[in-house]
Amino acid sequence: MTDAANTDRWIRRLNLVQLVLAGAIIMAPTVWMVLSSFKPSFEVTAYPPTLVFTPTLENYVELTRTTPFLSYALNSLIVTVGSTALGLMFGIPAAFAVSWTRISWPAILTLAARMAPGTLFLLPWYVMFRQVGMIGSYTALILSHAVITLPIVIWVLLPSFDGIPRSVFEAAQVDGCSVTRILWRIALPLVASGVAVSAILAFVFSWNYFLFALVLSNGDTKTLIAAAFNFIGEGSTQWGALMAAATLIALPPLVLAALVQRWLVSGLTLGAVKG
Amino acid sequence: MSDTAATLTQDRQKLEMAALSAPAVVFTVAMIAFPVVYTIWLGFQTFSSTGKQSFAGLANYSKLISDVEFWHGLWITIALFVLSLALQLVFGVWLALVLFHAKRLPGIVRSLFISPFMMPPVVAGMMWLVILDPSLGAANYILQSFGLPPSDWLASPTWVIPTVALIDSWQWTPYVALIVLGGLQSLPPSVYEAAQIDGASPFKTFHRITLPLLLPTIVTAAILRSVDLLRFFDIIYITTQGGPGNASNTLNIYGFRVGFEFFNIGYASALMLTLTAIVFGAVLAFNRLRGAVAW
């Protein structure tokens with residue numbers, strides 16, 4: 001019996017070692033990025049690399065001084081919030097209707113759109129937006145990013161709406177409630193946490209999206225992600241400022257994701273896995 | 001309530017439902033369906049240097065077949081896809097098993113594990129660009145302190161694709177792991193108990209029981225990753241823009257550059273439609289595979 005207990009303890013220890021190893025590999029690059037962003041500029045490119053240094057904010061000051069970082073950040077915020085709002089506005093009623101009627105093609109249509117490579121839409125958008133003079137407008141950016149947010153909202157909310165017992169709706173119908181009223185007054189409050197998760201996921205993926213803003217934005221409306229090039233270009237040796245930019249760009253999605261980590265995985269698989 | 005009144009309410013309800021999905025459907029048709037039809041049409045056009053456009057029939061597609069750069073891009077796309085998917089599935093299943101046996105996962109650990117794939121791929125590219133710098137990067141320092149030869153990583157035509165696969169796998173292996181973990185947690189515990197009573201070794205239990213039962217979940221993870229891997233863009237565009245030379249010029253990068261750097265919209269449309277067909281073909285193939293391994 002003690003033999004079995006011994007092996008059991010060893011297996012558990014071995015598992016812990018593997019867990020720590022995996023955690024270290026996952027964490028190390030991010031930690032290195034954040035550390036580098038606080039290093040004095042002469043120490044960022046030191047070789048051999050240093051681990052002990054006096055932290056400084058000079059890279060962050062440099063970043064805001066030499067690049068319009070804050071106006072890029074504002075652009076990112078406008079495009080992300082706008083496209084998330086649009087995704088929720090269109091996605092919530094659609095998810096409800098699909099869940100109720102079991103007619104699923106609208107949901108599948110938006111998912112198929114998410115599977116195609118973005119350049120496929122970007123080519124005609126570019127031609128069309130140029131014809132109406134909308135290249136570089138917030139409207140074009142928000143509309144294009146809503147293509148990302150809409151399927152996320154619909155597919156995260158579908159299982160939530162499916163989880164509401166039909167009897168709840170039937171009772172409301174007998175009371176003479178219209179479908180729209182049932183959605184806003186009865187169903188929506190019941191799936192509030194699902195709405196929050198879908199909004200956060202939509203925000204994160206819209207914030208992170210690179211391709212569309214690369215072509216559809218101009219100098220005034222460039223988002224942080226699309227401007228990442230400028231940070232790399234403006235100093236191949238300015239690693240400190242580059243890592244400060246990378247840290248700041250990654251911060252909003254990481255903070256938001258940490259808030260809803262428990263519900264994230266089932267949402268991320270767009271309903272493919274019940275996690 | 002009379003019969004006609006009942007049909008009337010039913011009709012009204014159908015109408016209301018249609019009205020609820022209408023904004024999403026109209027938006028998707030306007031932003032996706034119509035532009036895709038437009039792209040198909042653009043694929044039959046050529047644009048002269050002055051911007052004059054004319055019907056070209058299948059010229060863009062016959063150009064594609066004889067375009068060395070297209071076949072190279074297809075090869076790079078498939079190599080990157082196979083390499084990354086293999087790395088992410090193998091390490092993802094391993095990581096899922098480790099997490100599964102850890103039983104209790106504090107929220108902070110979970111947050112830590114999702115952090116790579118919640119950050120923008122562009123940021124992942126930026127940080128690895130610094131870490132993998134051939135002369136001053138931390139990666140080569142670590143290699144050398146173990147007595148291993150340094151690598152040129154992203155600057156090497158030979159190593160750029162494995163390096164990009166490594167960066168992407170750093171980002172998305174935890175995602176695969178969390179999906180597989182969900183599958184593990186939904187397996188009935190009774191099968192393990194039966195295996196234990198029969199005296200099966202842990203390896204045999206995994207190989208003969210866990211893995212076959214997990215296959216549908218693993219194929220699902222493979223589908224979700226394939227869609228991203230076949231249209232690989234962000235990390236390559238931010239780090240190498242398809243270089244050095246054309247060593248990391250995937251089809252998506254190539255199509256983007258043909259369209260927006262050389263402004264050959266017609267040929268770029270043909271390229272992107274071909275890539276889209278490849279992505280959907282892969283998804284359909286995996287879907288059939290999932291049907292075959294389902295239990």
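Modeller: Begin with the annotated segments. In chain A, the unreviewed UniProt entry marks "transmembrane region" at residues 16-35, 72-96, 108-129, 135-158, 186-210 and 239-260. UniProt positions follow the numbering used here, feature names are shortened, and annotations may be inferred rather than shown by experiment. This is a predicted model: local features need pLDDT of at least 70, side-chain atom pairs count only at pLDDT 80 or more, and totals for chains, interfaces and linings use all residues. Residues are numbered from 1 along each chain as its sequence is written, while chains are lettered from A and ligands numbered from 1 in the order in which they are written.

Biologist: How much of residues 108-129 of chain A is helix?

Modeller: Helices are DSSP runs (H or I, at least four residues), as are strands (E, at least two), numbered from the N terminus. Residues 108-129 of chain A are 91% helix and 0% strand, with end C-alpha atoms 26 Å apart. For residues 186-210 of chain A, the values are 88% helix, 0% strand and 38 Å.

Biologist: How many residues of chain B are in contact with chain A?

Modeller: Contact means that C-beta atoms, placed from the backbone, lie within 7 Å. By that rule, 72 residues of chain B meet 76 of chain A. Helix H1 (residues 3-42) of chain B gives the most to chain B's side, with 17 residues.

Biologist: And domains?

Modeller: Bounds come from an automatic or database domain assignment. Chain A has domain 1 (2-57) and domain 2 (59-268). Their C-alpha centres lie 32 Å apart. Nine residues of domain 1 of chain A are in contact with ten of domain 2 of chain A.

Conventions. Two residues are in contact if their C-beta atoms, placed from the backbone, lie within 7 Å.
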